[in-house]
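Please examine the structure shown below with its sequence at hand. The paragraphs that follow lead from strand pairing to a helix, to the domains and then to individual side chains.

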Amino acid sequence: MASKELKSFTREEVAKHNTESNLWIIIDSKVYDVTRFRNMHPGGASVLLEEGIPGEDATEAFYSLHRHEVLERPQYKRLQIGYIQGEEPQIVSTINDGAISKVPYAEPTWLVDGYHSPYYTESHRRFHKAVRKFMDDVVYPDAQAREADGKRPSQLVFDKMAELELHAMRMGPGKHLKGRTLMNGLVKPEEFDYFHELIISQEVCRCGARGYGDGLNAGCVIGLPPVLNFGSPELKARVVPEVLSGKKFICLAISEAQAGSDVFGLQTTATKTEDGKHWIVNGTKKWITNGMWADYFTVGCKTEDGFTVILVERQEGVETKPIKTAYSPTAGTSFVTFDNVKVPVENMLGEEGGGIFVILSNFNHERWVMCCTSARSQRSVVEECLKWTTQRKAFGKPLNSQAVVRAKLAGMIARVESIQSWLENITHQMNNMSYKEQANKLAGPIALLKMYSTRSAQETATDAVQIFGGRGVTQTGMGRFIEHYHRTIAFDALLGGAEDVLADLGVRQAMRSMPKNARL
């Protein structure tokens, strides 16, 4: 159907349409006929008939109650009949349109005109532009739909990510990238570094849907590296292509009801058969991200020689049940049961009894990824709050005219900028250290950064709710991203290690490095 022709009006012409039976309004130089719509308005017809609104400019009133995206919905776009002669709309959406936001502190400084960075090259900038466009065009719409209905991310999204090798790139730089065409050739496998991966992680979380973000192969990000780094060549040749193509899925199964951060307290067992050719796995795992649709489980087990990691394929004896959490079921969070599951000994990752090295090496990367996403999510909250406090009026003035509100904004900005700077420093170290050096030198700093990031995030979430008021605890409308962020922020504080445990880990590593002759 052809779109209707929009007409040009003067403000004087619009002002004549100011009755209940003939009602027009102006929003950002666009003219809308809301005569028929008035009785369907969610806030009631009286809102549209208030003094100063009929036939007049309702821009300020509209943006004090609604997000810009409302005007983009088909049912409301149809209400537009024209525009004001000689005027141009001034308000455009800066969320998920592929553009760099102009709101102060809404972007890390390396993306802002006039600022400089020692870390990012033109390769990173080109890569970022392509990744953002992909995430905004392909991932964001699916994220909003799936977060609402609780279904797993669409297979189409996984397939399109696989075409660009995004699944492979989320594993970080390494041999697994050799021979792959990354982002349609935008970056060569040997050039890909941890800043490229940081870009992917930060752009994924801009979808503003926490459960979906975990559902979008978070299990692969933490479940596949042990296979890549410790699996036999035969095992990798069979499993890795299936997973990185988005055709099969994997998760990390470590946590148990009896043991969360206490890896050595795990109760799941693996015993060898008499012929020594198989493991028999028994036990349960809890809070397993993506477990509901995983084809492979990277499982921590107690064996005769200690703690061992084994790759278990979904088969008879493997059962998964959903766990209802504060965020969407699209994450696939599950309770996993292993009942006499028979696994070939070739599925062991690393050495028997050497599982702690497999998991500890994996923890650094997992926690670093969480720091990447935490920093970017907090920045999105800063942008929401800066926009809201500018357009929302209270006591006749914008919210940002109040010193107490500005103080909250200052705290948010200071926290997110310090996190990003610390994160970029650690990322630079990762780029210039071997895998072994990272394990030895960065476990403590990454643990401390993760602790600081998630504690800062919770403080920012609380302040944001105060700024948005009742809208900050409402799942729709102006504060929907704030409500979602506040409701789901506790996940970051627990996943990958609880804050107190990580804080202690960081300090203990520092204590081990203390010079023996150091004195005041």
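Ser 8 stands opposite Tyr 83 in β5. This facing pair belongs to the pairing of β1 with strand β5 (residues 80–84), which runs in the parallel sense over three bridges; two strands are said to pair if DSSP finds at least two bridges between them. Strands of a sheet pair through backbone hydrogen bonds, either parallel or antiparallel. The model is a predicted one, in which local features need pLDDT of at least 70 and side-chain atom pairs count only at pLDDT 80 or more, while totals for chains, interfaces and linings use all residues. Residues are numbered from 1 along each chain as its sequence is written, and side-chain values use heavy atoms, with hydrogens and water left out.

The strands (E, at least two residues) and the helices (H or I, at least four residues) are DSSP runs, numbered from the N terminus.

How many of the nine residues of helix α18 (residues 480–488) are buried? Seven are, so the helix is largely enclosed by the rest of the structure. Here buried means under 20% relative accessible area, exposed means over 50%, and partly exposed lies in between (1.4 Å probe, protein chains only). The buried positions of α18 are Arg 480, Phe 481, Ile 482, Glu 483, His 484, Tyr 485 and Thr 488. These residues pack against α4 (69–72), α6 (122–149), α10 (210–215), α14 (355–391), α17 (443–468) and α19 (490–494).

One of the helices that α18 packs against, α6, contains His 124. At 2% relative accessibility, His 124 counts as buried. Leaving aside neighbours within four places in sequence, His 124 is in contact (heavy atoms within 4.5 Å) with Trp 110, Tyr 119, Asp 193, Phe 195, His 196 and Ile 199.

On the scale of the whole chain, the protein is divided into domain 1 (7–84), domain 2 (122–241), domain 3 (249–352) and domain 4 (361–513), with bounds that come from an automatic or database domain assignment. How do domain 3 and domain 4 meet? Their centres, taken over C-alpha atoms, are separated by 31 Å. Six residues of domain 3 are in contact with nine residues of domain 4. Between them the two domains bury about 600 Å², 71% of it on carbon and sulfur atoms; buried area is the accessible area (1.4 Å probe) that two parts lose on being put together, summed over both. The count of salt bridges between domain 3 and domain 4 is zero, a salt bridge being a side-chain nitrogen of Lys or Arg within 4 Å of a carboxyl oxygen of Asp or Glu. One residue pair, with both members at pLDDT 80 or more, is in polar contact between domain 3 and domain 4. A polar contact is a pair of N or O atoms within 3.5 Å; within protein, one must be able to donate a hydrogen and the other to accept it, and residues adjacent in sequence count only if both atoms are side-chain atoms.

Strand β9 (residues 296–303) has seven of its eight residues buried, so this strand is largely enclosed by the rest of the structure. Strand β6 (residues 250–253) pairs with β9 in the parallel sense over four bridges, and Leu 252 stands opposite Thr 298 in β9. The pairing of β9 with strand β10 (residues 306–313) is antiparallel, over eight bridges. Val 299 stands opposite Ile 310 in β10, and β9 and β10 form a hairpin with two residues between them.

Val 299 is also among the contacts of Lys 285, a residue of strand β8. Is Lys 285 buried or exposed? With a relative accessible area of 0%, Lys 285 is buried. Its side chain makes a polar contact of 2.8 Å with the side chain of Glu 256 and reaches the backbone oxygen of Gly 300 at 2.8 Å.

Lys 286 is likewise found in strand β8 (residues 278–288), but is partly exposed, with a relative accessible area of 26%. Not counting residues up to four places away in sequence, Lys 286 touches Ser 255, Glu 256, Ala 257, Ile 323, Ser 334 and Phe 335.
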